[in-house]
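Dear colleague,

I am handing over the structure below, and would ask you to keep it open while reading the notes that follow it.

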Amino acid sequence: MTKMSLLNATAVAFALSLASPASAADEYNVSNGLTLTGNALGLHGTDPTSMFKDGMPMIGEATNTVAHDGVDYYFATEAAMKKFETDPAGYLPQFGGFCAFGVFVGKKLDGDVRYADVVDGKLYLFVNAAIFAKYLENKDEVINGAHTKWPDITHTPISDL
């Protein structure tokens, strides 16, 4: 191998080592930083099972943690944690916890548990009150459009949208 091709191979290997692989943050709306397990935190620490009950969402406890697909979720009680473990997909928010209206328009915006809707047993989050009100004007169009758009942007980094 010549010096030039060795130098080129080294440069390519170095550049590839700097490239970040797809991360949980590309597919899931996670908080900055890591949990004690080293995973990102989903739903900003809110207990996902509480989103299906009447009343306010409940903040989870780190002592009740379940890792799912590289993301940690906190639960308010051990019973809630066990409920989630039996059916994670039944409690996780749609679109990785990103704002459903944002996905509808091709963006990944932060989903806020204060602006949520459960439709046909599925949890949808929204970025703020104004966007939630806009969603309520035509729920079916937004949900159907977001489900159509999501496969195209699931693995796309937020910065590329």
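**Cores, hairpin and ring pairs**

In this model, which is a predicted one, the largest nonpolar core has 17 residues, and those that touch the most other members are Tyr73, Phe75, Phe84 and Leu125. Two or more residues of this core come from each of strand S4 (71-75), helix H3 (78-86) and strand S6 (122-126). There is also a second, separate core, of 16 residues, and Ala100, Phe101, Phe126 and Ile153 are among them.

Strand S5 (residues 112-119) pairs with S6 in the antiparallel sense, over five bridges, and Asp112 has Phe126 of S6 as its bridge partner. The hairpin that S5 and S6 form has two residues between the strands, and in it Asp120 takes a positive phi near 50°.

Helix H3 deserves a paragraph of its own. Ala80, Met81 and Phe84 are buried in H3, and because they cover an arc of only 100° around the axis, they lie on the same side of the helix. Ala79 and Thr86, on the other side of H3, are exposed. The buried residues of H3 are covered by elements including strand S3 (61-68), S4 and helix H4 (88-91).

Turning to the aromatic rings, the count comes to ten aromatic pairs. One of them is that of Tyr73 and Phe84, a tilted pair with 5.7 Å centre to centre and 40° between the planes; Tyr73 belongs to strand S4 and Phe84 to helix H3, eleven residues apart, and the pair links these distant parts of the chain. Both Tyr73 and Phe84 are buried.

Another pair is formed by Phe95 and Trp150, whose ring centres are 5.8 Å apart and whose planes stand at 65°, so the pair is edge-to-face. Since Phe95 lies in the loop between H4 and helix H5 (100-104), while Trp150 lies in helix H7 (residues 139-153), the pair ties together parts that are 55 residues apart in sequence.

With best regards

Note on methods. Residues numbered from 1 in each chain as written. Predicted model: local features only at pLDDT ≥ 70, side-chain atom pairs only at ≥ 80, totals over all residues. Heavy atoms only, no water. Core = buried A, V, L, I, M, F, W, Y, C linked by side-chain atoms within 4.5 Å. Buried < 20%, exposed > 50% of the residue type's maximum accessible area, 1.4 Å probe, protein only. Helix = DSSP H or I, 4+ residues; strand = E, 2+ residues; numbered from the N terminus. Pairing = 2+ DSSP bridges. Arc of directions from axis to C-beta. Contact = heavy atoms within 4.5 Å. Phe/Tyr/Trp six-rings, centres within 6.5 Å; stacked < 30°, edge-to-face > 60°.
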